[in-house]
Amino acid sequence: MRHFIPYTTVFLIALTWLAVGCAGLSVQNTAAPPPTLEEDRLAAPPMPPNPTQADLGSHVYYQVCMACHGDRGQGLTDEWREVWNEDANCWQSECHGNDHPPEGFSFPQTCCAAVLGPGTLTQFRDGQALFEYLVETMPWWNPGYMPVEEFWQLTNFMMRENGVIPDGVTLNAGNAVAFNLHPVTPLPEDTTWQVLVIVGMLTSIAALLAFQKNSSIG
Ligand code: HEC
């Protein structure tokens, strides 16, 4: 009987901190749902009758960038390469490896980064920085061959997908610097953490007191 309360104490403390840990994990889990197989992954994006600059950008992305950076901007993942069936291995002989055909081009095996959605484009400060990078470096095989307007459309589209620009805004050299790619967002008003930590501490103290009382009796 003497050991009953210490074991309960240990159990209670472990249980409390397990709850705290689980709450922490559930807060972090914000990944986008995986794509469903039924969708036609290579279909053009829908275009509204009066497209915004970002809508137009989604089309440029589809035509020029998607092959390397993915239909959801996920990057050249294994899963995205599978969609190309027999061309899934981009670096096999005669494709985009070093022995590519004369009219073709090669690209690195580490290619290509995710470019759409939260957590991407972290190296760019604002719309202007992203625009300048695209004009100077993309598309990979022929940088800057497209009209400047299409680069603005792309910049707007990518920033919209990142949730950092309201729909309908038209980006240009005069305002792009004002749209920050990494705005400081206030922490969500979620107090679950604090409550659990306090409950955990109180339980630990109560259990320790009970343990002390028990051992002094014994
Ligand atoms: C032939 C493949 C290819 C195409 C097409 C292509 N890119 Fe890239 N892209 C690359 C490579 C290679 C890099 C540099 C290294 C990497 O991302 O792995 C890169 C990097 C980028 C980056 C920087 C990502 C980061 O966070 O470092 C952005 C943004 C980007 N591309 C946007 C575009 C856009 C927009 C288009 C369409 C106009 C495009 N790319 C077309 C291959 C490509």
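# Exercises on a predicted structure

Arg-81 has a relative accessibility of 16% and counts as buried. The class follows from cut-offs: buried means under 20% relative accessible area, exposed means over 50%, and partly exposed lies in between (1.4 Å probe, protein chains only).

The model is predicted, and local features need pLDDT of at least 70, side-chain atom pairs count only at pLDDT 80 or more, and totals for chains, interfaces and linings use all residues. Residues are numbered from 1 along each chain as its sequence is written, and side-chain values use heavy atoms, with hydrogens and water left out.

## Exercise 1: Salt bridges

Find the partner of Arg-81 in a salt bridge, and compare the burial of the two residues.

Step 1. A salt bridge is a side-chain nitrogen of Lys or Arg within 4 Å of a carboxyl oxygen of Asp or Glu. Side chains of opposite charge can pair when their charged atoms come close.

Step 2. The side chain of Arg-81 meets that of Asp-78, with 2.9 Å from N to O.

Step 3. Helix H3 (residues 78-82) holds both Arg-81 and Asp-78, which are three residues apart, about one turn of the helix. Helices (H or I, at least four residues) and strands (E, at least two) are DSSP runs, numbered from the N terminus.

Step 4. Arg-81 is buried, whereas Asp-78 is exposed at 53%.

## Exercise 2: The iron site

Which protein atoms are donors of the iron atom of the ligand, and what geometry does the site have?

Step 1. Donors are N, O and S atoms within 2.8 Å of the metal (3.2 Å for Na, K and Ca); water is not among the atoms, so sites may look incomplete.

Step 2. NE2 of His-69 and SD of Met-138 are the protein donors, at 2.0 to 2.3 Å from the iron atom.

Step 3. His-69 belongs to helix H2 (residues 53-69), and Met-138 to the loop between helix H4 (127-137) and helix H5 (148-161); the pair links distant parts of the chain, 69 residues apart.

Step 4. Four donors count as tetrahedral if all angles lie between 85 and 135 degrees; four count as square planar and six as octahedral if opposite donors are over 155 degrees apart and all others between 65 and 115; anything else is irregular. Here the six donor atoms make angles of 81 to 179°, and the site is octahedral.

Step 5. His-69 is buried at 15%, and Met-138 is buried at 17%.

## Exercise 3: Two pockets

Describe the linings of the largest pocket and the second largest pocket.

Step 1. On a 1 Å grid over the protein atoms alone, a pocket is an open set of points with protein on both sides within 12 Å along at least five of seven lines, whereas in a cavity a 1.4 Å probe fits but cannot get out; lining residues have an atom within 4 Å of a point. Grid points are joined across faces, edges and corners, and the volume is the space filled by probe spheres set on the points.

Step 2. The largest pocket has a volume of about 510 Å³. Its lining has 27 residues, and those nearest the centre include His-69 and Met-138.

Step 3. H2 gives the largest share of this lining, six residues. The classes in the lining of the largest pocket are 24 nonpolar, three polar and no charged. Ala, Val, Leu, Ile, Met, Phe, Trp, Tyr, Cys and Pro count as nonpolar, Asp, Glu, Lys and Arg as charged, and the others, Gly among them, as polar.

Step 4. The second largest pocket holds about 340 Å³. It is lined by 20 residues, with Met-66 and Asp-71 among the closest to its centre. Its lining has 11 nonpolar, one polar and eight charged residues.
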